[in-house]
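Thanks for coming. I will go through one structure this morning, feature by feature. Please look at the sequence and the model first.

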Amino acid sequence: MTPTAIAPEMRTHAENLDQLAAVAVHVGLGLKPGQELVMTASLDCIDLARRITEQAYRAGARLVTTLYADDESTLMRYRFAPDASFDYAAGWLYEGMAAAFKSGSARLAIAGANPALLANQDPGKVGRANRAVSKAYRPALELITRHEINWTIVAGATPAWAEAMFPNDAPGVALAQLWDAIFSTTRIHTADPVAAWKKHDADLHQRAAFLNDKRYAALDYRGPGTDFRLGLADGHEWLGGGTTAANGNYCIPNMPTEEVFTTPHKDRADGTVTASKPLSHQGTMIEGIRVRFEGGRVVEVYATRGQGVLEKLIETDDGAGRLGEVALVPQSSPIARSGLVFLNTLFDENAASHIALGQSYSSCLIDGDKLSPQELAARGANESLIHVDWMIGSGQLDIDGITASGAAEPLMRKGEWAS
Ligand code: ZN
Ligand code: ZN
């Protein structure tokens, strides 16, 4: 049973949660009867996790396994664990997740992290712990980025996240405001959220098809603090909205999603680009980012806050200082219109056009999943342990598409599609 049709303004909080759970299972995940589900969630999101579990079993899930995380326990590691702890990750757990995915399990993550959880911890330890997890999680993550399985990420409000977003409000008010923002931006406040998502998904596919017809060689960005030329990978393919995973199940990997995105060429980024929003990376805030590229590689880094973390991030490996994703998002997206900074990439990356340092998606290349690592690199696809999105779009950003013959065509003007 999916939640019954109730006018959006008449719904209680519990009914909105059920709508979100239903959209997550039926549209985001596209869970099939008999399929297993591995879910991760904060303990603070247990109410939503239980409702998703209910919807999953009602949809015929064979088994739902949820791994809960607890912020206080994470902080205890930084306070009390021996130094060697920070080069270690639970490899056995990530191997188990990879094994579950290989045997056909779907994957759902509830995002709701405290964006400032690790702000006062030693950046060296944070960096080492992140690197250890990235390395251990890689085999499982590859199955996800290659879309071997159906997967999705949805958001659940948590007190710490709400407090970071609305620091001047009482805790209960802040939490209610965050839930309201999540429901509005994920189309839950509509008469029929499932239908609203299907229409939105079709629109994103149409925009990606338009860009694939154009076959631009590069994009040219101009805006405050930004004068940047980014080449696209040879044989790149724009994607947006849902996708059919290799296991045959159609899923929409991020809820919300407003972006169309593709793979840039790892050796063809030149000029200066300034971030338009702060970046919350693994519990640390990085603000006022300005980066200069030459021949695809970062050659200068500046941030008003968190510069050390950003520098460490870029030193992770060879590919961490090159780009693996370029995405376009109009300013009219519901998240941009909300005017809120969510301090969470799932939302903030859909409020603005962005680029990502690190690993590229082979699915953003024509026949990319059939290419060897050498062939992918030859097309310009980047390889790295990291994939970190940062926002560069704003209402002042103009973007031109550069054709193969070098002609410039207006693609976005003041943050909106030019045609
Ligand atoms: Zn993106
Ligand atoms: Zn990304």
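W161, F342 and F347 are linked into a cluster by ring pairs. By ring pair I mean Phe, Tyr or Trp rings, the six-membered ring for Trp, whose centres lie within 6.5 Å; planes under 30 degrees apart are stacked, over 60 edge-to-face, and the rest tilted. Across the whole structure, a search finds eight aromatic pairs. One of them joins Y221 and F228, a tilted pair with 5.6 Å between centres and 45° between planes. Both Y221 and F228 are buried. For accessibility, buried is under 20% relative accessible area, exposed is over 50%, and partly exposed is in between, with a 1.4 Å probe and protein chains only.

Some ground rules. This is a predicted model, in which local features need pLDDT of at least 70 and side-chain atom pairs count only at pLDDT 80 or more, while totals for chains, interfaces and linings use all residues. Residues are numbered from 1 along each chain as its sequence is written, chains are lettered from A and ligands numbered from 1 in the order in which they are written, and side-chain values use heavy atoms, with hydrogens and water left out.

Now the metal. The zinc ion (ligand 1) is 3.4 Å from the zinc ion (ligand 2), and E325 coordinates both. E325 sits in strand β16 (residues 323-328) and D389 in strand β18 (residues 387-391), so the pair ties together parts that are 64 residues apart in sequence. Strands are DSSP runs of E, at least two residues, and helices are runs of H or I, at least four, numbered from the N terminus. E325 is buried at 2% relative accessibility, and D389 is buried at 9%.

Next, the second largest pocket. How many residues line the second largest pocket? There are 13, and H200, L204, E258, P330 and W417 lie nearest its centre. Helix α8 (residues 193-214) gives the largest share of that lining, four residues. A pocket, on a 1 Å grid over the protein atoms alone, is an open set of points where a 1.4 Å probe fits, with protein on both sides within 12 Å along at least five of seven lines; lining residues have an atom within 4 Å of a point.

Last, the backbone. The peptide bond from M255 to P256 is cis, with omega near 10°. P256 is in the loop between β9 (250-251) and β10 (260-262). R187, a residue other than glycine, has a positive phi, near 60°. R187 is in the loop between α7 (171-185) and α8, and R187 is buried, at 15% relative accessible area. D367 also has a positive phi, near 55°, and is not a glycine. Is D367 buried or partly exposed? At 46% relative accessibility, D367 is partly exposed. Its place is the loop between β17 (354-358) and α12 (373-379).

Technical notes:
Donors are N, O and S atoms within 2.8 Å of the metal (3.2 Å for Na, K and Ca); water is not among the atoms, so sites may look incomplete.
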